[in-house]
Amino acid sequence: VDLLKDGSLFLAEEDMDGWDLLVGAVHYIPADKTSGISPKNIDNEFLRQTELMLQHPVKVLAHPFRWYRRSGLPAPVHLYSTMAKMLSKANVAAEINVHTNNPDPDFIRVCVENDVKLAIGTDSHNLQEVAEFIPHLQLLKIAGVTSDMFSNVLFSVNCS
């Protein structure tokens, strides 16, 4: 799910209930590098949009920093700790998604240090990508997450 301009979920009222898992994403902020807004204000608006998302019953924040890459901006390394603390406080997992994304192992490390669960997502766009987790496992290994840590680090949900 995404947000509408008023901060509500982009989800029809009749579809609000009954979900076992909602994955939220910040795909848009009302600023970009061509709008003349300073990088600090872009960061503030990005964090504001993320805070709005975390006020909803989402369990996973999808591709936490993809907006920067898609906007032609460098990864906001200076926001990694802030984001991890926000996710930890909200008890929301960070999605690790390698489909057209380039998750930073440093962000993964910061998440682990802040007890943020990691949700593995393939974002499959074709059948060959379904359950293709080798790139995720390689990325976790680079970040220092070993298989004996999986039960404590990886997000899971029991759907009824």
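Good morning, colleagues. I begin with a negative surface patch, which is made up of Glu 13, Glu 14, Asp 15 and Asp 17. Please bear in mind throughout that this is a predicted model. Glu 14 counts as exposed because its relative accessibility is 67%, and the cut-off for exposed is over 50%.

I turn now to the backbone. Most residues other than glycine have a negative phi.

The one I take up now is His 63, which is not a glycine and yet has a positive phi of about 25°. His 63 is found in the loop that connects strand 2 (60–61) with helix 2 (66–70). Is His 63 buried or exposed? With a relative accessible area of 10%, His 63 is buried, as the limit for that class is under 20%.

The other is Asp 115, also a residue other than glycine, with a positive phi near 60°. Asp 115 belongs to the loop between helix 4 (105–113) and strand 4 (118–121). The relative accessible area of Asp 115 is 67%, and therefore this residue is exposed.

Finally, I come to helix 5, which spans residues 134–142. Which residues of helix 5 are buried? They are His 136, Leu 139 and Leu 140. Viewed down the helix axis, these buried residues fall within an arc of 100°, so they line one face of helix 5. On the face turned away from that buried side, helix 5 carries the exposed residues Ile 134, Lys 141 and Ile 142.

Thank you for your attention.

Note on methods. Residues numbered from 1 in each chain as written. Predicted model: local features only at pLDDT ≥ 70, side-chain atom pairs only at ≥ 80, totals over all residues. Heavy atoms only, no water. Patch = residues over 30% accessible without salt bridge, like charges linked within 9 Å, V, L, I, M, F, W, Y side chains within 5 Å. Areas by Shrake-Rupley, 256 points an atom, 1.4 Å probe, with all protein chains shown as cover. Salt bridge = Lys/Arg side-chain N within 4 Å of Asp/Glu carboxyl O. Lys, Arg positive; Asp, Glu negative; His and termini not counted. Charge placed at Lys NZ, Arg CZ, Asp CG, Glu CD. Buried < 20%, exposed > 50% of the residue type's maximum accessible area, 1.4 Å probe, protein only. Helix = DSSP H or I, 4+ residues; strand = E, 2+ residues; numbered from the N terminus. Arc of directions from axis to C-beta.
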